[in-house]
Each structure stands twice: as C-alpha cells, then as structure tokens.
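Hello,

Here is the structure I promised to pass on. Please open it alongside these notes.

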Amino acid sequence: MLYIFFIKVYNEKELMNMKIGFIGLGIMGKPMSKNLLKAGYDVTVNDLNKAAVDEVTALGAKSAASAKEIAQQCDVIITMLPNSPQVKTVVLGKGGLIEGLSAGKILIDMSSIAPLVSREVAAELDKIGVEMLDAPVSGGEPKAIDGTMSVMVGGKQEIFDSYYDVMKSMAGSVVRCGEIGAGNITKLANQIIVAINIAAVSEAFTLAQAAGVEPNLVYEAIRGGLAGSTVLDAKGPMMMDRNFKPGFRINLHIKDLNNVIETSHNLGLALPLVTQVMEEMQVLKNDGLEACDHSSIVRFYEKMNNIEVKR
C-alpha cells in the first residue's frame with residue numbers, strides 16, 4: 001500500500017512538471033490559461049492579441065512567437081480557437097503545430113468546432129504519433145473565470161485519464177463522451193438546448209410584460225419549479241437588466257448552430273427548432289447585435305412585438 005502511495009505522488013509531480021502550451025486567449029481562453037497557472041502548471045501562451053499575452057505573462061506564463069514554437073517547447077498543447085478553419089490552420093497549416101510536434105506529445109483542442117474536422121485533424125496527427133482529445137467547453141466567461149465550466153471530451157480512454165487533471169484544473173465537470181469527435185457532438189447538443197432555452201425564456205418574458213405582469217416576479221415564481229434552469233438563472237436577469245455584455249456572443253452561437261445544421265444534414269436529420277432560433281439570431285446579426293450576448297435573443301421578440309422586457 002505504501003509503495004502505491006509513493007507511485008501516485010511521483011506521477012502527480014511528473015504531471016505538474018509538464019510544459020503546457022496554450023493557444024487562443026479570447027473571452028474563454030484567457031481565464032482558462034490563468035486557471036492553469038493558478039493550479040501550478042508551467043504554461044506558455046500564444047495569441048495574435050499582444051495585450052492578452054502580456055496580461056497572462058504578467059501572471060507567470062511564458063510566451064512563444066508561433067504555434068510551431070509552442071509545439072517544440074511544450075508536452076501538451078491546448079487550443080481554444082474560434083472555429084474549424086482556425087483550428088486547421090493553427091494545427092496543420094504553414095508554421096502550425098504539426099511542424100513542431102513529435103511523437104508522444106498531446107493536443108487538447110478545447111475549441112467548439114465541427115466534429116468531422118476534429119476527426120480529420122486527429123487522423124493527421126496520428127500519422128506522426130501525436131494523440132488528440134476534442135474537449136469543447138460550456139458555461140461562458142463567468143464559469144471560465146471561476147473554473148466551474150463543463151468540459152465534454154472525445155478521445156481514447158487512456159489519454160483522457162492521463163490528462164483529466166489538466167482539464168479539471170479549469171473546470172467543474174470533465175466527462176468523456178466517447179471517441180474523437182464525441183466531445184464536439186456533445187457540445188452541439190448543449191448549444192441546441194441553450195439556444196432554444198434562451199428563446200423560450202424570451203417568449204415567456206415577452207408574454208408576461210405584454211400582459212402587465214412583472215417579468216421579475218414571473219422569474220422568481222418559476223425558477224424553483226420544472227421551468228427553472230441554469231439558462232433561466234444566468235440569462236433571465238440579464239434580459240430584465242438590459243445587460244447584453246457578452247459572456248457568449250451571438251456570432252459565436254450562430255457559428256455553433258451552423259455546425260449543428262451541417263452535422264444534422266450529413267446525418268439526414270431535421271431539427272426545426274434549431275433552424276427557427278438560427279433565423280432569429282440572423283435577424284439580430286443583421287441589426288448589428290452580433291457581438292452582444294446571446295441573451296439578446298429577447299430583442300428579436302421585443303422588435304417583433306414592439307415591447308421591451310424589463311424589471
């Protein structure tokens with residue numbers, strides 16, 4: 001038993017000595033990289049935004065000039081990028097990770113991208129002996145900051161087990177959902193539920209406001225019942241307070257729903273509610289609101305009904 005204990009301590013020490021590269025210091029990536037530093041990891045970052053790099057390096061991270069340099073210097077590389085094209089460019093493009101990676105290194109892509117692209121990238125990396133996990137996240141900026149976001153992972157069980165602690169240092173929940181690509185399939189399912197839930201809250205508050213019942217009282221009355229949800233608690237107050245500062249932007253949710261629709265069509269599925277909410281978001285984008293939080297869906301209903309939801 002004592003021998004097992006010492007082996008466990010050694011493995012944990014070895015894990016903490018890993019060099020982690022982090023590419024993508026946006027709304028989610030920057031606080032995630034900070035949480036890795038707080039957990040004691042050796043972190044090297046890269047991003048086009050110099051101010052974001054400076055902010056994280058001021059906390060103890062190192063910086064690298066390119067993805068290739070990150071790959072050469074680090075054992076584990078985490079990417080947190082906007083969409084599939086950016087992931088393919090950073091990983092497989094000229095000057096990308098693939099030019100600096102070597103057998104035994106690991107890529108954890110925490111971007112939300114098309115599942116087929118995850119599988120394509122993983123197949124290319126497999127040719128050079130590099131394993132990959134697709135590990136998109138959910139929870140928005142507040143949960144990225146406090147380290148309580150959810151991570152849904154696709155990849156080999158043994159790779160998931162080996163790097164669970166790295167992911168857990170940034171999250172409240174880390175769940176393996178299957179083989180490579182399963183993480184992003186799960187994220188698409190998540191984004192369907194979130195989008196439709198926000199639209200439902202928007203409709204409910206619009207009805208209450210028009211009928212002369214205070215939306216805040218409706219919120220307090222229903223949040224503890226079956227209609228209660230994390231979405232209701234997170235987005236309902238934002239709607240009523242007219243606070244549309246982005247935790248998760250409309251244009252990013254449009255990107256995710258585009259991936260949902262593309263994937264569903266490849267599978268021969270009809271998802272009519274997704275299509276409806278996507279059209280609502282497109283209206284908001286055309287109104288210049290694409291950089292606002294996705295709680296702005298309520299503004300579609302307000303515009304349609306000439307009403308404003310407020311406390």
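The notes below cover its salt bridges.

This is a predicted model: local features need pLDDT of at least 70, side-chain atom pairs count only at pLDDT 80 or more, and totals for chains, interfaces and linings use all residues. Residues are numbered from 1 along each chain as its sequence is written, and side-chain values use heavy atoms, with hydrogens and water left out.

Side chains of opposite charge can pair when their charged atoms come close. I call it a salt bridge when a side-chain nitrogen of Lys or Arg lies within 4 Å of a carboxyl oxygen of Asp or Glu. The count by this rule is 17.

Start with lysine 88 and glutamate 120. They form a salt bridge at 3.0 Å, N to O. Lysine 88 sits in helix H5 (residues 84-92) and glutamate 120 in helix H6 (residues 115-126), 32 residues apart. Helices here are DSSP runs of H or I, at least four residues, numbered from the N terminus. Lysine 88 is partly exposed at 31% relative accessibility. Glutamate 120 is also partly exposed, at 35%. Buried means under 20% relative accessible area, exposed over 50%, and partly exposed in between (1.4 Å probe, protein chains only).

Next, arginine 223 and aspartate 233 pair at 3.1 Å, N to O. Arginine 223 is partly exposed at 35%. Aspartate 233 is partly exposed at 32%.

Lastly, Lys19, Asp42 and Lys62 are linked in a salt-bridge network.

Best wishes

Key. Helix = DSSP H or I, 4+ residues; strand = E, 2+ residues; numbered from the N terminus.
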